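Colleague: I would like a close look at a single part of this chain. Please start with the surface, then take me to one residue and what surrounds it.

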Amino acid sequence: EMSMVTGVQTCALPICLLVTGAGNVNCQLAGGGTAVLTGLSAGQALLIEVTRVLSTSTTATGIVALYN
């Protein structure tokens with residue numbers, strides 16, 4: 001199952017984020033805290049559990065959340 005991530009979203013914990021347009025992703029981590037993942041390439045899969053993708057400092061586009 002997958003869904004496009006738009007703006008600030010709270011969702012069930014995805015098992016992976018797929019970035020289809022290069023850039024940075026600012027996210028709130030499932031374990032607490034936030035992280036800005038920088039220099040991501042188009043087509044890169046991020047195997048992390050996040051509770052939110054934050055719009056501030058997020059420059060990557062086409063972010064897709066993949067669920068198990």
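Modeller: Start with the surface: the chain exposes about 3,800 Å², and carbon and sulfur atoms supply 55% of that area. Keep in mind that this is a predicted model. Of the 68 residues, 29% count as buried. The chain has eight strands and zero helices. Among contacts between residues at least 6 apart in sequence, 68% join residues at least 24 apart.

Now zoom in on Asn 24. This residue sits in strand S4.

Next, its surroundings. Leaving aside neighbours within four places in sequence, Asn 24 contacts Val 36, Leu 37, Thr 38 and Gly 39, and also Ser 57, Thr 58, Thr 59 and Ala 60. Thr 61 lies 37 residues away along the chain, yet its C-alpha atom is 8.9 Å from that of Asn 24.

Follow Ala 60 next. Besides Asn 24, Ala 60 touches Val 19, Gly 21, Ala 22, Gly 23 and Val 25, again not counting residues up to four places away. Ala 60 also belongs to the largest nonpolar core, which has 12 residues, including Val 19 and Val 25. Strands S3, S4, S7 and S8 each supply at least two residues of this core. In soluble globular proteins, nonpolar side chains tend to be buried together.

How values were computed:
Residues are numbered from 1 along each chain as its sequence is written. This is a predicted model: local features need pLDDT of at least 70, side-chain atom pairs count only at pLDDT 80 or more; totals for chains, interfaces and linings use all residues. Side-chain values use heavy atoms; hydrogens and water are left out. A nonpolar core is a set of buried Ala, Val, Leu, Ile, Met, Phe, Trp, Tyr and Cys residues joined through side-chain atoms within 4.5 Å. Buried means under 20% relative accessible area, exposed over 50%, partly exposed in between (1.4 Å probe, protein chains only). Helices (H or I, at least four residues) and strands (E, at least two) are DSSP runs, numbered from the N terminus. Contact means heavy atoms within 4.5 Å. Accessible areas come from the Shrake-Rupley method with a 1.4 Å probe; for residues, only the protein chains shown count as cover.
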